[in-house]
Amino acid sequence: MADMNNLSRREFLGLSLKSIMALMALGFPKKLLAMTGLDGYKMEEHLWGYGIDVDKCIGCGRCVDACKVENNVPDEPFFFRTWVERYAERKGEKVEVDSPNGGRDGFPDLKNKKELVKSFFVPKICNHCEHPPCVQVCPVGATYKSPDGVVLVDPGYCIGCRYCIQACPYGARYLHPKKHVADKCTFCYQRITKGLEPACVQACPTKTRIFGNLKDGNSPINKFIKAKKVLVLKPDLGTRPKIFYSGIDKEVR
Amino acid sequence: MEIIEMLYKLLPLVQGFIYPNEIELHWGLLIVLYPYITGLVAGAFILASLARVFNVSEVKPTYRLSLLTALAFLLVATLPLLAHLGHPERAFEIFFTPKLDSAMAMFGFVYAWYLMAVLLLEIWFDYRADFVMWSKTERGLKKWFYKILTLGVNNISAGALELDEKIGRAITVIGIPSAFLLHGYVGFIFGSVKANPWWSTPLMPIIFLMSAMVSGIAAVMLIYMVTQWLRRKIIDMKCLDTIGLYLFNIFVIDFSLEMLDLIHRIYEAEESFDIISLMMRSNLFWTQFVGQILVGTLVPISLLGISFFFSAKPGARKKLYFISSILTLLGIFAMRWNVVVGGQLFSKSFLGFTTYKLNLIGAEAYIAAAIAVLPLFILAALLYLLPPWEEENR
Ligand code: SF4
Ligand code: SF4
């Protein structure tokens with residue numbers, strides 16, 4: 001009996017080694033290395049956060065474009081990982097909001113400007129919620145929060161049930177029309193783990209978008225949070241967003 | 001791509017402002033069908049249980065019919081879910097790698113439990129003696145079919161039958177909370193989405209449960225009448241009246257709960273109230289106010305009420321029951337539609353609406369129609385193979 005056990009254990013070990021080697025040959029370890037931090041990125045030393053200084057945004061839409069290009073987001077005006085909204089308040093009227101093509105091509109001139117009380121642009125992205133309802137509802141765990149605070153979707157695992165899209169209070173998710181899986185902002189995970197900024201942050205000409213490590217006291221995001229009074233969207237839902245806004249108005253949700 | 005063409009057609013129909021990702025309405029007709037079908041299952045089963053556990057002898061003639069109806073609908077209950085998945089081939093991940101705090105993940109288990117442990121077992125114990133008899137009296141293929149169904153248990157002595165009865169009863173006792181679980185749980189899938197103020201209410205599971213009973217009872221009532229007519233048999237009026245009374249009472253409770261929910265929303269008038277009340281007055285006016293509340297609830301409740309309080313003649317009562325059951329089934333369908341589709345029409349920015357047009361959804365409409373009629377064929381086959389009729393059997 002003892003012999004049998006040893007034999008099967010040896011066999012098992014051999015098999016495991018073989019499968020690990022097979023996986024290595026498939027190029028799998030690169031991802032694995034990045035995740036374990038073996039290629040220099042230390043996941044546990046990071047908690048990513050993001051700031052938006054609304055007063056600086058000029059609505060040029062470069063961020064939207066940069067995101068679509070960097071992340072192969074479908075071109076059509078129904079799929080966005082980030083978009084820009086414009087709010088316009090006129091005397092005695094309700095606030096008017098628009099976001100043509102997600103603001104990717106900039107915005108057309110506002111009509112009857114004389115009546116205008118104020119107008120401003122609000123960039124939006126996934127809030128990488130600390131308590132993400134999208135993660136909570138996913139029946140198979142394809143949507144998950146990584147230890148560095150980024151909420152990600154595993155496209156090889158997602159069954160396309162769209163429950164997460166229903167559960168996100170911010171409209172941050174869409175179903176990829178070709179891959180048939182949920183898709184959303186990843187903070188450009190492929191970039192930030194290499195020490196680069198997300199594409200939208202880099203593309204913004206006015207430094208509206210601020211990014212950094214919340215665990216590092218001197219990071220741009222921590223400086224921004226210290227210098228400004230910041231708000232998060234829909235705080236009443238208890239999602240604890242990690243996108244911090246400065247300068248938004250009461251109408252912004 | 002079909003979907004993108006459709007979205008381009010919907011784009012000019014957007015009212016006000018919605019987040020750009022919200023133009024596509026994600027849970028359409030198929031997901032309307034899903035709670036509708038599971039509701040029929042739960043409702044039909046609960047009617048059957050009444051006869052058994054609470055010894056309501058009046059509804060005995062529909063006991064087996066209710067069980068078979070529940071089975072016919074339960075067999076297709078997962079199809080609409082499966083058909084709407086982006087990757088149906090990965091569906092089994094829900095069983096193999098479920099995420100335990102997801103409301104949807106548990107559905108697979110609740111479903112499997114209900115189908116295997118409750119419904120099939122109960123039907124088997126109830127029919128076992130008949131299987132044994134039919135395996136002796138029938139010929140050819142059918143004989144073998146029943147032989148297999150007996151699973152080799154051929155003892156039909158009085159003691160064995162008594163044991164069957166006891167076990168069957170025990171299963172029913174477990175079955176009632178299971179049926180409650182099955183459908184209350186479907187309500188929870190919607191009621192627990194805090195992002196959506198139209199769905200998010202703790203009343204949702206209860207409302208779903210009550211409306212499930214209403215629809216299931218109405219379905220069995222209708223199927224009973226139609227099958228008796230087709231077989232040229234007399235309708236047992238005592239049975240029909242009792243079912244009608246149940247329908248009336250549960251319908252009144254269901255409607256009160258729904259109105260309670262509505263009054264609560266109006267009185268609290270939270271942040272989302274403006275957009276929701278606008279939606280009820282415009283986008284949902286026909287399906288909710290007219291379809292669900294007026295034609296689908298108040299009219300059938302009144303018709304049932306008339307037949308009781310004015311003690312109408314049997315012929316008139318039958319007609320009233322017939323019409324009320326059809327209207328009820330339509331009304332509950334409208335209710336599912338208003339919950340599922342209504343909850344996605346308004347933007348989570350609370351500033352505008354997208355639209356849902358049946359003529360634009362393409363293949364989904366045909367798939368949904370096919371899934372909706374499939375249970376009727378299954379039921380016909382079940383009725384042929386496992387005749388539930390009292391007069392022939394006993
Ligand atoms: S914003 Fe939406 S998608 Fe992003 S983490 Fe929060 S709930 Fe999930
Ligand atoms: S669509 Fe994919 S990621 Fe979203 S809840 Fe369903 S399985 Fe999870």
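**Helix packing, interface and ligand shells**

Helix α10(B) passes α12(B) in a left-handed crossing (the near helix is turned anticlockwise from the far one by less than a right angle; clockwise would be right-handed). This is a predicted model, in which local features need pLDDT of at least 70 and side-chain atom pairs count only at pLDDT 80 or more, while totals for chains, interfaces and linings use all residues. Residues are numbered from 1 along each chain as its sequence is written, chains are lettered from A and ligands numbered from 1 in the order in which they are written, and side-chain values use heavy atoms, with hydrogens and water left out.

Helices are DSSP runs (H or I, at least four residues), numbered from the N terminus. Helix α10 of chain B spans residues 237-268, and α12 of chain B spans residues 285-309. They pack at an angle of about 140°, with axes 10 Å apart. That angle makes α10(B) oblique to α12(B) (angles under 35 degrees are roughly parallel, over 145 roughly antiparallel, 65 to 115 roughly perpendicular, and the rest oblique). Axes are lines fitted to C-alpha atoms over the stretch in contact, and angles run from 0 to 180 degrees between N-to-C directions. Contacts (heavy atoms within 4.5 Å) from α10(B) include B:Phe248, B:Phe251 and B:Phe255. On α12(B), the residues met include B:Ile301, B:Leu304 and B:Phe308. The contact has 14 nonpolar, five polar and two charged residues (Ala, Val, Leu, Ile, Met, Phe, Trp, Tyr, Cys and Pro are nonpolar; Asp, Glu, Lys and Arg are charged; the others, Gly among them, are polar).

A second pair in chain B joins α3 (residues 63-76) and α15 (residues 363-385). Their axes come within 8 Å and cross at roughly 140°. The pair is therefore oblique. The crossing of α3(B) and α15(B) is right-handed. Its contact has 14 nonpolar, one polar and no charged residues.

Chains A and B bury about 3,900 Å² between them, 58% of it on carbon and sulfur atoms (accessible area, 1.4 Å probe, lost on being put together, summed over both). In chain A, A:Phe78, A:Tyr163 and A:Gln166 lose the most area to chain B, together 20% of what that side buries. The contact takes 51 residues from chain A and 41 from chain B.

Ligand 1 has 13 residues around it (a heavy atom within 4 Å). A:Cys126, A:Asn127, A:Cys129, A:Cys134 and A:Cys168 come nearest. This shell divides into nine nonpolar, two polar and two charged residues. Ligand 2 is surrounded by residues including A:Cys138, A:Cys158, A:Cys161 and A:Cys164. Its shell has eight nonpolar, two polar and one charged residues.

How values were computed:
Helices (H or I, at least four residues) and strands (E, at least two) are DSSP runs, numbered from the N terminus. Buried area is the accessible area (1.4 Å probe) that two parts lose on being put together, summed over both.
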